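Subject: Structure handover

Hello,

Here is the structure I said I would pass on. Please open it alongside this message.

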Amino acid sequence: MKATVAANSTRNVEAQAEGIRPTLVQHIPFAVWLIVPAEIVLLSVVVFPTLMSLWLSLTSWTPTSGVNWWQAEFQWLANYVQLLFGDERFRAALLRTLLIVVVGVAAEISIGLSLALLFFDDFPWKKIAISAIILPMMIVPVDAANAFFMLFRDVGPVNQLVRILVGHPVRFAWLSDSNLAIVPILLVEIWQWTPLMFLMLLTGLMALPQNQLRAAVALGASRWQLFRRIILPLIAPVVVLSLVIRSVEIFKIFDPVYILTRGGPGTSTETLSMWMYDNGFVYFRIAYVAAAGFLVLLVVLAYVLLILRPLSRRTAAER
Amino acid sequence: MSSTGTLRVEGLTKRFGRTVAIADVSFQVGDGELFTVVGPTNAGKTTTLRTIAGLETPDGGTVFINDRPMNAVHSSRRKVSLMFQNLALFPHLSGFENIAFPLRNARMRREEIQRRVEEIADLLRIGHLLDRLPRTYSGGEQQRVALARALAPTSEVLLLDEPLSNLDAHIRTSLRAELKRLHREFGRTIVYVTHDQVEAMSLSDRIAVLREGRMQQIGTPEEIYERPANRFVATFIGSPPINFVPAAVVEDAGGVWLTNAWLKLRAPAHLAPALRQHPRDSVLVAVRPEDITVTPLATGDRVGDLTVYAVEPLGAKTIVDVKTPDGNIKAIVRRSWEGRPNMPVTVGVDERRIHVLREGDEEFLPSGPDRAAPVQTTSAG
Amino acid sequence: MATKLVLRGIRKEFGSTVAVDDLTLSVEEGEFLSLLGPSGCGKSTTLAIIAGFEAPTRGDVIVDGRRINDVPAQERGIGLVFQDYAIFTRMSVFENLSFGLRVRGLGRVAIEERVGRVASLLHLTEALQRPSVSLNMSELQRVALGRVLVLEPPLLLLDEPLSNLDAAIRLTLRTELRRLQQELRQTVVYVTHDQIEAMSMSDRIAVMDAGRILQIGSPMEIFDCPQSRFVATFIGDPPINILPASLTTVGGHVVVRHGGLAVAFNGAQAQAALTGQVEMAFRPTDVVVRRDSSSRAAFEMVVDLVEPLGSETVVHLRAMDTAIRAVVPPAFAPRVGERVGVSIPAERVHLIDAASGIVVR
Amino acid sequence: MYQSSTLLRMLKWLAVIAAMCFALFPIFWMVSTSFKPIQEWSTYPPVWIPRQPTLENYLALLNPAALAGSHSIDYKVAETAWRPLLNSLIISTSATFFSVCFGTLAAYGVSRYKSGGESYPMFVLTVRMFPPIAVAVPMLVMYSFLHLTGTYVGLVLAYTAFTLPLSIWMIRSFIDEIPREIEEAAVVYGLSSIRAFWRVTFPLIRGALVATALFIYILNWSEFLFALSLTNGALTTVTVQVSNYFSASSGQLYGPQAALGTLSTIPVIFFGYLIQRHLVRGLTFGAIKR
C-alpha cells in the first residue's frame, strides 16, 4: 500500500504537469494529505487484515495451535485445494449462495422494473404510494429478518393466509423443513431490497430524455414498441448497475440467514458468509476461512468485471 | 476607482494531455484598453484567460502584468478580476456579500466596503439586488452582479469571459452598449473573450482572432473587417459571412481581369500588381455580402446562369441567396427588394472592395494602400 | 400532402396558471407559419397541444376539417422536430430514420427505399450506418428532420430547431430549411424566440406573449406595421427607439415632440392619437443622420457611443434627456462627441398609446 | 403519454395496492406484535390486531425481570435494553463522525485534485465488495492481539472503515456538482485554495453532508455482523440485543423482540425519509442521482 501512495504522489505531479490542478502548484503535498486520514483507517482495518488473511490462508494456523499467527506453519495452497476439491459443504454453500444471488436479483429487478413502469405516469397519491413501497429498505435488516421469522412460524400469519387460499388447514414448517427454509430467506431479501431496485429504476426512468420518448410516440410507436425499442435500451445501464450492486450485496448475505435459520435445518440454508462464520467463530478454523474469503473475493471480482465490461465499453464509445 | 495596468503575454503555450489548447500566443494590452479575444469554440480563448488569471499553469511563455512576470504569483495575488462564463456567483451569499467578497479579502475597512459596493451597485443599477440571493435573479441580473463583483476590487486587469452569453438578444444588445460606456468612463484595462464577432466588433479597441490555439490577426475592428489577414478571419468576422467566388486571372490590354462563367471583374488598382504575378492562376475572390448588388432580369432578357435561391427579409434589409454555377452566394440588398425564388438575376460586385487569394492558399494576396473605403453616404430608411 | 390546420379557441391551464389563452389560428396548406415570442409565452405549449402531448383545457384542434382533440399522439401522424432533436441515441442513423416506418410494420424493401430517398434529399446517404452519437449538430438536425419526413407527414411542427447551432451554420440551415419546405410544399408550424429566424423564413408570423397571439401577418407587415408596443420592441435589432412624447396642434398639423425631436403629421393622420399620453417609436434604421446639423428640419444631437458591426454601424445619439440609436453605413465613420443633425421621416414614425401599449398610428 | 383504458387503470391501481400491502405487512406485523400480551404471541390462528393491547413488552425492555414469571430469562436479556441502545448510540455516532470527516477530506481531494490517482475511488470501492465476514476473521485475530475486542474503539474503527467508501463516493458526487469555477472565483478574489474550500464549497455542501451523515448513521445503526463477531459478547449493540431475545435457553420472547425492533427501526425510518432524495445515491455509490 505504501507503494501505492508513492505512485499516487508521482501521478499527482504528472497531473499538475498536465495542468489538471493549476492551483496545486503551490501545494504539492496538499492533495495527498487530504486522503491520509481515510487511508490510515482503510490500511489498518481493511488492507492489513486482508494481507494478514492472505498469509494465514497459506498456513494451518488456528488460535488453539499455541503459536503466534506469524509463526504459523506454511503449507502453500493446501487450504485452497481442500476447499475446492475436498469440501462438499463449502461447495454446496457456494452454489447455494449463487442460487440466492441469481433468483434474488432476478426477482428484485423484474419486480422493481415493473413497479417503476407503473409509477412512470402521474396518478393521485403517487408520492404516498412511493413512500409506502420504499419503507422496507429503511428497516434494520435484523428487525426485518425477525419480522419474517414471526410471519413464517408454524402458527404465523403466512400459514393462515395460505390456509384461506387453499381452503383447508395447512401447516407448512417453513423454517424447519430443509426444502422450504430457503423461501423465507429469499423472500426477506426480495422484500427488503426490491424497493431499492424500484427507486433506482424509477429515478433512471425519470431521468430518461423525455423528448426521445415523445419523439417515438409522435412517430407512431405503440406502448410496447416504446418500451422495447426506446426505454429498455436507454435504461439498460441503470439495470446493469442495479444488477452489479445488488449481486455484490446478496453475495454477502448473512443477517437473514443467521436470524431465520442459522444455516439450518442441517446445512440446508448455509450460505458462504454463514459457512465462514461457523468455521471461523465457532470452530476457529481461521486459516481455512481466510482461504475461503479469498476465493469468494475472486469470484465476486470476476463476476463484477464480467458484467461491467460491456457496460464500460459502451459508455466509452459514447463519449 | 481606476487602478489600471498593462498586460503582456509572450509565447503562451498550454497543453492538456496531448491536445494543445493554445500555442505560442503573444499580445499586449495597453493601459485602459478594451482588448477582445474572439474565436470559435475550442479556439483557446478561455484557456488564455485562465492562464492570465493564474488558474492554469502555462507549459511555455510568460504573463506580465505591469511588466512584472506573473508565472510564479498565485492567482489570489495577481490583482486580476475574472468574470467567469458561468458567472460563478457564490450562491449562498447575498448580492452585497458577493460584490464585497474581494474587498473583504483585501482587508478593506467596513465603511469603505459599504461605500464602494453601493457606488458600483448604483452604477450598474443593481441596488435592489444587494439583499437577495443570486438564485432569485434573472439572467441579466446575475450578469450584472457578476460584473459588479469583477469591477469592485482595484485589480489591474479585468478579464471577462463571455460576459453576455446566455442572454436574450435585446438584453445582450443593450448590455453591450452599457459595457462600452462603462469602459469609457472608467478606463479599466479589459481583456474580453467572446465567440460572437458582433460583440467583438462593436465593443473593442482592438481585436485578437484566435483559432485552434493559434493567433490569426490582431487589429482594430475596422482593420480586421476591412483587411482580414487570411481566409479564416475573413469568414469568421461579418454576418452573413464573406462569399468566396472561384475565378481565373486574365490579363489583356484593358488590364487584369478576374473572370469565371458568370462574372467578369476588373482587378482594382491595389490588387493588380500582385495579380500580375499569377497569370492564369485559379484564385478565389472574396466579396462581402453588402458589396454585391443583385438585379432581377427584365422579362425578355436572356436567361442567365444565376437564379434566386432564397429571399430572407430581415426588416430593415434583405438577404438574397443567389444560386451560381459555383455554389451559392449571399448578398445584402435593400429592404424592398423585389424578387422571388427561382427568378433569374444578374449580379454586380463592387470590385474596389474585394480580396483575392490563390486557390489552396490561406493568406490573401497583398493589397496596396489605396484600397477604397466604403462610399460615404447619409443613412436613410 | 399538405394540410390545413385550424386552432379554435384553444386555452390551456396548468393549475392556476394559464399557458395559452383563447388562441385561434389557421395555417393554410403549404404555409410556413412561425410562432414567435419570448420564452414562457405559450408557444411550446401550443405545439405540444397540436402534437397531442397536452390536452387543451378548451378549444379544438382541427386538421383538414377533422377535429383531432381525441386522437392520441401516436396516431396523429404529425411530424415533430424537437429543439434538442431527441435523436434515439442507441440507434444508428438508418435506424433513426426508419423508426417510424418500422413501428408501422413496413417491409424491409419499402423501408430502405423511402429512407434512401429522404437520406439523399438531406445529404445523409453517407452517414446512414454511423451511430447517432457520432453526429455533429447539423447532422443531428437533419436526422431529426429526416426521421419525420420519411413518414410524409401532412403537417410539420418545428420547435426551435436551429437554436443549438453556431451562428454560421444557423445561417446556412435557415436557408436550406426554407428551401426544402418550398420544394415539398409542406405545411409548417415553426416555433422560435428568434425574430430574425421568424422574419427570414416565414410566410406569416404569429407574435405571442403571455399565452395570447398579439399579431399575425407577413414578416414585413409585422416589421412595418406593429400593432402594439410589444411587437414593435420584439421585432428588429437594434431595437426600436421609443420616446415619451407630447402632442400639439400647429396649423393643420399635429406635432409630436420629445424634447427637441419633433415630427409633424397632417391632422387627419394623427386624429386617433389625440387623447391620452403617447409615445413615438421609430426604427434605428429609419433615422436620418447628417454631418451638417445646420438644416432647419434637423435636430442637433451628440454622438455618445459608436458600435461598428462591419457592414453597418450603430450610433448612440444624445441631446439633453433624449437618447436614441441610429444605424449608419460604416463609411459615415462617426466619432464620439461629434455633433450631427438628426431627422426622422414622419411616415416611419409610429405613435403608441402609452397606457394601453397599442399602436394608434 | 398514452391514454389508458379504465380497465387498465384499475389493474394498475390493484398492482400498486398489492405492492403496498406486501411492503407494509411485515412491518405491520412487527408493530402489532409489540403490543400483544404474552397470551397472544403464539396462538393459532394468529391474532392480527392485539385484542388487549398492552405496553408490557416495552416495559419489559427496561425491566426484563417482569418476564421472569413466565419465562426463564437468558443472562443476555436479563439486563435492561438501555445499555445496548446507549452502546449503539455511542458507536454509531462516533463512527459516523469519523467516516464523514475523513470522507469529506478524501472526497475533496479526489474531486478537485485527483488525489490518489484516477483509480483511487475504484480501489476504495473494492472494500465494499469484500464479504465483511472474510475480513472479520483476521480482524478478530488482530483485535485480540491489540486488545480491541469488545471495545468501543474496535467497533468504531471497523464501522468507520466499512462506511468510508460510501462517504467518499457520496460526498464526492456532491462536490462534483458544485462548479469548480465558484471555488476558483474565490481564489481569484483573494483566498488560498483551502480557505476557498472552507468559505465557499463547504457551506454549499453542508446540507448534503448532513444527508450523508444520516445515511452512514443508518448503516452503522443497522450493522449486525461486526457487532456480533468482534465483541465476544462484551459489548452489545441494539441489533445484537434484538437477536438475543430468542435463544436456546429462554425461547422466543416475541413481544419484547418486536418492541425493541420497532424502537430501533423508528429512528432509521425517520432519518430515511429525511434523506429520501439521497438514499439511492448512497446505496449506488453516488452513481444515480435524483
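Predicted model: local features only at pLDDT ≥ 70, side-chain atom pairs only at ≥ 80, totals over all residues.

The contact between them draws on eleven residues of domain 1 and 13 residues of domain 2.

Together, domain 1 and domain 2 of chain B bury about 1,000 Å². Carbon and sulfur atoms account for 44% of that area. Which three residues supply more of the area that domain 1 of chain B buries against domain 2 than any other three? They are Tyr225(B), Glu226(B) and Arg231(B), with 57% of it.

The rule finds one salt bridge across the interface of the two domains of chain B. Glu226(B) also forms a salt bridge through its side chain, with that of Arg353(B) as partner. The N to O distance is 2.9 Å. Polar contacts across the interface of domain 1 and domain 2 of chain B come to six residue pairs, with both residues of each pair at pLDDT 80 or more.

Now the side of domain 1 of chain B that touches domain 2. Two helices, α7 (221-226) and α8 (231-236) of chain B, each bring at least two residues to that side. The largest share belongs to α8(B), with four residues. By residue type, this side of domain 1 of chain B has six nonpolar, two polar and three charged residues.

**Chain C: strand pairing**

Strand β4 (residues 58-63) of chain C runs antiparallel to β1 (residues 5-14) of chain C. Five bridges join the two. What stands opposite Leu5(C) in β4(C)? It is Val63(C).

Val63(C) also stands opposite Arg66(C) in β5(C). That takes us to the next pairing: β4(C) and β5 (residues 66-67) of chain C are antiparallel and joined by two bridges. These strands, β4(C) and β5(C), form a hairpin with two residues between them. In this hairpin, Asp64(C) has a positive phi, near 50 degrees.

**Where to look**

For chain B, start with Glu226(B): it is among the three residues named above for buried area, and its side chain meets Arg353(B) in a salt bridge. For chain C, start with Val63(C), which stands opposite Leu5(C) and opposite Arg66(C).

Best wishes

Definitions and conventions. Residues numbered from 1 in each chain as written. Chains lettered and ligands numbered in written order. Heavy atoms only, no water. Contact = heavy atoms within 4.5 Å. Buried area = accessible area lost by both parts, 1.4 Å probe. Salt bridge = Lys/Arg side-chain N within 4 Å of Asp/Glu carboxyl O. Polar contact = N/O pair within 3.5 Å; in protein donor to acceptor, adjacent residues only side chain to side chain. Nonpolar A, V, L, I, M, F, W, Y, C, P; charged D, E, K, R; others polar. Pairing = 2+ DSSP bridges.
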